[in-house]
Each structure stands twice: as structure tokens, then as C-alpha cells.
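Visitor: I'd like to learn how to read this model, one feature at a time. Could you show me the general idea and then the case here?

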Amino acid sequence: MSANPEKFNDLYSSPYLVDYYDLVAPNSDSIDDASFYWRVYQELRSPLLKPTREPFVIMDVGTGTGRVIQGLSNSAAVIGDDFFNTKVLGVDNAQHMLDKAAQNLDSLFKEHVSWILGSALDLASVMAQSGYDKVDLLIFSIGSISHLSEKGQPEKFLEQVSRVLRPGTGRAYVSIYDESLLRKSEEIAFHQPEGITEIKSQTFPNIMYREFNHRGDIQDKVKDVKFELQVVEQTELGDQVLETNNISMRMRQWEEDELVSMSSDAGLNFVEKARGKHETFYVFSTSA
Ligand SMILES: C[S@@+](CC[C@H](N)C(=O)[O-])C[C@H]1O[C@@H](n2cnc3c(N)ncnc32)[C@H](O)[C@@H]1O
């Protein structure tokens, strides 16, 4: 990778940034949503376990580096489940994230998973690419819906969900992270330590990430999360800064239950909400 003095980025747009994302993002030690989704998958699939039925389709929107899919496959491995007649679509609009997701996934269930470059705002096209008709379990995890920060985007996403979900039995699980609730902690919207944080890469030899100058302004429910992230090569001759990235991510903040009031206009039925350790899962269906 060539030296590049300065550029503007999110955390998903280069192999170094994706590596850094994987080091600091919530993992299975800090968040236990994958085991929750595993139980949901088992409950939804069990009445549909017929060899002649078309595949049970899981769509993980904004799959990132595949954390949830990896968690599902770990749970399957533990009890010797073989993902019978199940297809998993890992969807993201950042190719570098998908590349890392494919690397991260162990081999056991690889053939069940397709990684698809696509947008949460155009799930109908994702379905057309996948070759499947409808989704039985749709997941948008750890508050990633906050990335849909432009006006009208959450509504567009919900409308797309109503188009791809299997009528009647299909369920969509959309997470709102506690930290993205307006009334709870306006000051914190993302991983925002004070001072300088230095973390060693576990993928790239002699590479260290230096993160500093965190700030965030909130206006009209949108928080601009900003910080600087340097990619530093540590050599015998000293540190060499390979990249200085100005990270800027726009995150939508949510009112409690705001998603529920939006969903009916999009053609979705609100089924229930469930509490996780750091988030609320909102569950939707469409009418048969
Ligand atoms: C916070 S990460 C979550 C990753 C993963 N789902 C997890 O739970 O660990 C959010 C992901 O959503 C993706 N993303 C953001 N906007 C998107 C969009 N409009 N369509 C598809 N993916 C999107 C980003 O590229 C990123 O990989």
C-alpha cells in the first residue's frame, strides 16, 4: 500500500481501515446478539424443515466483516446443526468489508453463504442477484440502521424490507443501539475514547494504528462522528506514518420506538420488541 498523506474516509473503505474496524468494533466478547439471532433462526426454521421446501433464506444487511454470520455458524457447529436447506446472504455496500468477511468465515458453512455487494436501500436488487425469491430472516444488527442518516433513507430501507420479506412467516430484526438513542447519551454515538489510542494490527506485520482527536456534533438527529486515524509502520529506524485518515461518519440518532411508527407506512407489521444487553431488537413482518 502506498504512502498517502491525507484522505477522508469512513472505517470501511480500505484493507487497513477494515482491519482496524475489526480490532475496535463490538465482538462476541462485548455483544451477544449472534446467539439471540441463532435462537430466532431455529424457532423460525423448525416449522419449515421440509426437504422439498425452497431454501430458508437469511439476509444479514450491513454484514460488515461477517461477525453475525460467523456467530451463527459457530452456534451451528456447537450443536452439530448442518444449516439444513439454509442459504445466507451477507450484504454490504463496502467491498473491503465483504472481502474480510469471506476471509474470517471458517470453512464449515462456506457453501451456504453468498457475499453480495449491495445496498440496504435497494434490497430488491440484492434479491435479484441472489437468485432467491424471499427472505425468511432479515437482520440489520448493532444499530447499523444509524448509517442511514440522510433524510428518507430509514423509510426507504423499511419499504425495501417489506418487498423482500416472505409474507406471513418472514421476520425482520432491526437493532437500535442504546448509544444511538437521543435521550440516553447524546455525547456518545460511537467508539470515542479521549486522547490517543494505539493498537497493533494482528493482520499486517509491524503495523500499528494511532487514533486521536475524537469529536462529534449533533444536529437534526444526525451526529457527525470524526477522528483521525494514522496507519504507522514500526521499523528499526523508527515509526513511519503510511496514511493519515480523517474519519468522518454520519450516524442517525433515534427516539425510542420511532422505528415502529415509521414501519406501517412502509407496509410492515410491527410484531414485538426484544431487549438485548445494549440494544433493542424491533421485529417486523408483512401480511400473508
Ligand atoms: C457497524 S458495521 C456492522 C457490521 C456487522 N453487521 C456487525 O454487526 O458486526 C455497519 C456495516 O454496515 C455497512 N453499511 C452502511 N451503510 C450501508 C448501506 N446503505 N447498505 C449496505 N451496507 C451498509 C457498512 O459498510 C458496515 O460494514
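Guide: Let's start with elements: helices (H or I, at least four residues) and strands (E, at least two) are DSSP runs, numbered from the N terminus. Here, Tyr-16 lies in helix H1. Keep in mind that this is a predicted model, where local features need pLDDT of at least 70 and side-chain atom pairs count only at pLDDT 80 or more, while totals for chains, interfaces and linings use all residues. Residues are numbered from 1 along each chain as its sequence is written.

Visitor: Is Tyr-16 buried or exposed?

Guide: Count C-beta atoms, placed from the backbone: a residue is buried if 20 or more others lie within 10 Å of its own, exposed if 12 or fewer, and partly exposed in between. Tyr-16 has 22 within 10 Å, so it is buried. Tyr-16 is also 8.8 Å from Tyr-209, C-alpha to C-alpha, although 193 residues separate the two in sequence.

Visitor: Which domains does the protein chain have?

Guide: Domain bounds come from an automatic or database domain assignment. In this chain, the assignment gives domain 1 (4–20 + 187–252) and domain 2 (31–180 + 255–285). Their C-alpha centres lie 28 Å apart. Two residues are in contact if their C-beta atoms, placed from the backbone, lie within 7 Å, and the contact between the domains takes 11 residues from domain 1 and 12 residues from domain 2. On the domain 1 side, helix H1 (15–24) and strand S10 (238–252) are the elements that give two or more residues. S10 gives the most, with three residues.

Visitor: Which residues have the most contacts inside the largest nonpolar core?

Guide: In soluble globular proteins, nonpolar side chains tend to be buried together. A nonpolar core is a set of buried Ala, Val, Leu, Ile, Met, Phe, Trp, Tyr and Cys residues joined through C-beta atoms within 7 Å. The largest one here has 67 residues, and Tyr-37, Met-59, Leu-138, Ile-139, Val-161 and Val-174 have the most contacts inside it. Domain 1 and domain 2 both give residues to this core, so it lies between them. Leaving out residues up to four places away in sequence, Tyr-37 touches Val-68, Leu-72, Ile-139 and Tyr-173.

Visitor: Which residues come nearest to the ligand?

Guide: A residue is near a molecule or strand if its C-beta atom, placed from the backbone, lies within 6 Å of it. Of the 18 residues around the ligand, Gly-62, Gly-64, Arg-67, Ala-94 and Ala-120 come nearest.
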